[in-house]
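Open the model in your viewer and keep the selection panel at hand.

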Amino acid sequence: MMIPSLGFLPLLGLMNAYWFAPPLILVISLVYAASRHEAWPLIFRHATRLFLMIAGILAVVTVILLVINTQV
Amino acid sequence: MDHPTTATDVPLKNRSLAALLALTWPGLGHLYQGRNAKGLLYFVCIFGLYAVGFALGEGANVYWTWVNPLRNPEHFRLYYLGQFWVGLPAWPALIQATLIHQGYQPLFNGFMAAPMLDPTMDNGVREVMQEVVRRVFSLHQKYGGLKEIGDIYTTIAGLLNVLAIYDAFEGPAVRSGPTSSAEAPSTTTTEAESA
């Protein structure tokens, strides 16, 4: 038995894989920040900072790899 | 010397039990401790990520096999080492793997069973497992790489729950001390005076 096939899965299959990264980064940032602090303002501040840092690093690495790929 | 203030404010109760509950279901340990909002955050984030990943793989991306990784590395399920930590939602895979390993037919038509065929399997077990293998391989044709994204989502959800378990056991990692913030301005004043 598998779980029933979801109607929107074929549409998700057409999406670029990069679109699956932001929700993942958001969850990682929130959970990590929540494990570090107890006060909500601190959690949200830390999570925002971490989200921007991870997304920024990924974006920079992606751009660098794309630039290198266009040169070869 | 800094005295942890946050730590005493956080009601950890029986922290071993809280950690066990957090391992059993994401956020459950925090609900037991009365840290309801944080428990809800962990539940939504960790279980939500796991559920989305599970759905992306149509439930065929969380499974375990009792094989020796050195002798049979292609059938060893490395992802499950992360997925396991989500708790109960991932543990049926252990039961299915154990049943198949012992030669019994897996439950629920092979739900969360490894897509593996073994020549030594009984006919009944083989029939169920052939269907599981067929479904898993058809996923690639239908949805491309969604199953792999589901693998990553479910694995990271499990690894994030390790952080939640640690938080339930030990409290938040950063503990603000009352003296540390008070010391900073006085040091600056002293330096300004000496200058």
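Select α2(A) and α8(B): the two helices cross at roughly 10 degrees and are therefore roughly parallel to each other. Roughly parallel covers angles under 35 degrees, taken from 0 to 180 degrees between N-to-C directions, with axes as lines fitted to C-alpha atoms over the stretch in contact. Helices are DSSP runs (H or I, at least four residues), numbered from the N terminus.

This is a predicted model, in which local features need pLDDT of at least 70 and side-chain atom pairs count only at pLDDT 80 or more, while totals for chains, interfaces and linings use all residues. Residues are numbered from 1 along each chain as its sequence is written, and chains are lettered from A and ligands numbered from 1 in the order in which they are written.

Next, show side chains. On α2(A), pick A:Leu24, A:Val27, A:Ile28, A:Val31, A:Tyr32 and A:Ser35; the residues they meet on α8(B) include B:Ile156, B:Leu160 and B:Asp167. Contact here means C-beta atoms, placed from the backbone, within 7 Å.

Now widen to the whole contact, with 33 residues from chain B and 22 residues from chain A. On chain B, α4 (36–56), α7 (123–143) and α8 (146–170) each supply at least two residues. Helix α8(B) gives the most, 9 residues.

Note on methods
Contact = placed C-beta atoms within 7 Å. Parallel < 35°, antiparallel > 145°, perpendicular 65-115°, else oblique.
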